[in-house]
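Please keep the viewer open as you read.

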Amino acid sequence: MEVDRRAFIASLGGAAAVATMSSEAKADALEHYMEEKLDEMVAAQGRGGQGQTPGQPEKFPTVAEIEDRIEKSNVRRGAGSLFASNRGNVKKLEPMPKVPTLLDFYKLRFEPANHVLQSATRAMKTGMSEEIILACLMHDVVLNLIKPDHGWWGAQLIEPYVPEKTAFAVRYHQTLRFYPDPEAGYEYPDQYYRIFGIDYTPPPHIEATYKMLKNHKWYMEPRMVTVNDLYAFDPNAKVSIEPFIDVIGRHFKTPKEGLGNDNSPSAHMWRTIARPDSPL
Ligand SMILES: [Fe+2]
Ligand SMILES: [Fe+2]
């Protein structure tokens, strides 16, 4: 398989991020990247191969078809990416520094952070507030820990350290992803037909949350995360954490003891991300 060098480097967060990686980490990342590309190619062929002509509308799975896959996997779909490898064994992680900062987590535990970096890059380009840029930068990082209800988990993870609007936007972007708002520039994503099923309806707590948000004075905060989320899957985009260092400095209150060592209500979550191999 041919590797597009620029796309590969971009997928790791850009040249600056790659420069901080060990040779072993680079080799692993390359393997992971090639596997993902291969999966994409296989999926694209599969779509054309299921009695469909390439170019015809994609056939999305049903909820029942997705449920049928559960017992074909040794990992539940909700397991965070740090804890579950569906591509062979997990890899040894580089240790975190004694006093870890948010940037250390981006470099050592959130990688590849391409999706959130692309989302934040788009938010910055389109003139969003710094609270929303920060929300875009952090909106999916908790997926490394756990996936179900990731809006709530993600907000809880960052809440002690960020502005209230940022936590609000992260908590509720998950809900608003299910509800189109063409006026704001957000359509229901095809990706959700693929991962939830064509006939999926969100559970009652999501519906109730949507009802609450519709009339909330901060509705547009999580909505803007969804608007920037939608366009954030370009494998050729060049992204890096560097342009966000000032925004982080202004709005993320890094504890002097280091994230995880500060006894905040979410310190244990940071410690778990730092040490996912701990048996208890
Ligand atoms: Fe999300
Ligand atoms: Fe996202």
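The paragraphs below go from the chain as a whole to its core, and then to some of the helices there.

This is a predicted model, in which local features need pLDDT of at least 70 and side-chain atom pairs count only at pLDDT 80 or more, while totals for chains, interfaces and linings use all residues. Residues are numbered from 1 along each chain as its sequence is written, with chains lettered from A and ligands numbered from 1 in the order in which they are written.

The protein chain has 14 helices and zero strands, where helices are DSSP runs of H or I with at least four residues, strands are runs of E with at least two, and both are numbered from the N terminus. Of the 280 residues, 30% are buried; that term asks for 20 or more other C-beta atoms within 10 Å of a residue's own, with 12 or fewer called exposed, anything in between partly exposed, and C-beta atoms placed from the backbone. Among contacts with a separation of 6 or more, 74% join residues 24 or more positions apart, a contact being a pair of C-beta atoms, placed from the backbone, within 7 Å.

Now look inside. The largest nonpolar core holds 47 residues, and Ile132 and Cys136 have the most contacts within it. Such a core is a set of buried Ala, Val, Leu, Ile, Met, Phe, Trp, Tyr and Cys residues joined through C-beta atoms within 7 Å. Helix 7 supplies the largest share, seven residues. Beyond its neighbours within four places in sequence, Cys136 touches Val116, Ser119, Ala120, Ala123, Val225 and Asn228.

How do helix 6 and helix 7 cross? Their axes come within 7 Å at roughly 165°, the axes being lines fitted to C-alpha atoms over the stretch in contact, with angles from 0 to 180 degrees between N-to-C directions. The two helices are therefore roughly antiparallel, a label for angles over 145 degrees, whereas those under 35 are roughly parallel, 65 to 115 roughly perpendicular and the rest oblique. At this meeting, Val116, Ser119, Ala120, Ala123 and Met124 of helix 6 face Ile132, Ile133, Cys136, Leu137 and Met138 of helix 7.

Finally, turn to helix 12. Nine of its ten residues are buried, so helix 12 is largely enclosed by the rest of the structure. Among the buried ones are Glu221, Arg223 and Asp229, along with Val225 and Asn228. The buried residues of helix 12 pack against helix 6, helix 7, helix 9 and helix 11.

Note on methods:
Contact = placed C-beta atoms within 7 Å.
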